[in-house]
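Here is a short briefing to read alongside your viewer. Please take a look at the chain first, and then we can walk through it together.

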Amino acid sequence: MRIVTYRQPIEHQRPKRRFKLVPLIVAINIVVFILWTTTATPRAENLMKMNFLVSALHLQLGLWWTAITSVFSHNMVWHLFLNMFVLVSFGTIMEKVMGRRSFMFFYLLAGIISSLSHCFVSTYFLDNPALPALGASGAIAGVLLVFSLVFPRQTILVFGLIPVPAIFGAMAFVALDLYGLFKQTQGGGLPIGHGAHLGGAFTGILYYFFYLRGHLRRRIMAQLARGELQ
């Protein structure tokens, strides 16, 4: 007896669903935020501080993992919302442009370098190696800079109000962080991780010019060769 199997024609087969990275990053940040807000005991709070805050002192004590765990860590709702809003706005596009694996590598790289930049700045510019930091802002700064270099003329809204070309918005972002860091070195400024922002931003710039630009050019040429672009 012959067993006949039926295979659905290729054109009618459902495409495989691949999970998207940006929603996963958002979900992890929300989970860590919930952990922060539900710490009911001093011991639990200390565990969060030891594992989800980065500082030069923490790295000296061997808590090296905080260089990445702090990137997924927020303990204030406005901070979480703002960072996740910007991540979804720009990260969703860049995940499609770069590909999931490349975006994942870049996001983690920008996050780690932003953490190390904060530690460097707090130690050598602010003379406070114990100064802790948390948040995805540094990694997101990298995503924003890469977006602005790939789509320099795309209109973005600065502070959600002022429409400017992406490249000008990114330049203004870097300038504000440089000015903010200068004010902090003078004993003023706001409690913002300008060092982390700048570290992530410059990671984005270097990643674009030394890797992503050539990668995208090769990808477009391959698509032209396959007739996918007209």
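Asp127 counts as exposed, at 65% relative accessibility; exposed means over 50% relative accessible area, buried under 20%, and partly exposed in between, with a 1.4 Å probe and protein chains only. Asp127 belongs to the loop between α6 and α7 (137-150), where helices (H or I, at least four residues) and strands (E, at least two) are DSSP runs numbered from the N terminus. This is a predicted model, in which local features need pLDDT of at least 70 and side-chain atom pairs count only at pLDDT 80 or more, while totals for chains, interfaces and linings use all residues. Residues are numbered from 1 along each chain as its sequence is written, and side-chain values use heavy atoms, with hydrogens and water left out.

- The phi of Asp127 is near 55°, a positive value in a residue other than glycine.
- For background, most residues other than glycine have a negative phi.
- Ala133 is also found in the loop between α6 and α7, but Ala133 is buried, with a relative accessible area of 16%.
- Which residues does Ala133 touch, not counting those up to four places away in sequence? They are Phe52, Leu53, Val54, Ser70 and His118, with contact meaning heavy atoms within 4.5 Å.
- Ala133 and Val54 are 79 residues apart along the chain, yet their C-alpha atoms are separated by 5.4 Å.

**Inside helix α7**

- Ser148 sits in helix α7 and is buried, with a relative accessible area of 0%.
- Leaving aside neighbours within four places in sequence, Ser148 is in contact with Ala166, Ile167 and Ala170.

**How helix α1 packs**

- Helix α1 (residues 21-37) packs with helix α5 (residues 77-98) at an angle of about 165°, their axes 9 Å apart. Axes are lines fitted to C-alpha atoms, for helices over the stretch in contact, and angles run from 0 to 180 degrees between N-to-C directions.
- That angle makes α1 roughly antiparallel to α5, a label for angles over 145 degrees, with under 35 counting as roughly parallel, 65 to 115 as roughly perpendicular and the rest as oblique.
- On the α1 side, the contact with α5 includes Leu21, Val22, Ile25 and Phe33; on the α5 side, Leu80, Met84, Gly91 and Glu95 are among the residues involved.
- By class, this contact of α1 with α5 has 11 nonpolar, 3 polar and 1 charged residues. Here Ala, Val, Leu, Ile, Met, Phe, Trp, Tyr, Cys and Pro count as nonpolar, Asp, Glu, Lys and Arg as charged, and the others, Gly among them, as polar.
- The axes of α1 and helix α6 (residues 100-124) come within 10 Å and cross at roughly 35°.
- Leu21, Val22 and Ile25 of α1 meet Arg100, Phe103, Met104 and Tyr107 of α6, giving 6 nonpolar, no polar and 1 charged residues.
- With helix α2 (residues 42-52), the axis of α1 comes within 9 Å and crosses at roughly 145°.
- Val32, Leu35 and Trp36 of α1 make that contact with Met48, Lys49 and Phe52 of α2, which divides into 5 nonpolar, no polar and 1 charged.

**The chain as a whole**

- The chain has 9 helices and 2 strands, in the pattern α-α-α-α-α-α-α-β-β-α-α along the sequence.
- Of its 230 residues, 39% count as buried.
- Among contacts in the chain with a separation of 6 or more, 69% are between residues 24 or more positions apart.
- The accessible surface comes to about 14,500 Å², of which 68% belongs to carbon and sulfur atoms; such areas come from the Shrake-Rupley method with a 1.4 Å probe, and for residues only the protein chains shown count as cover.
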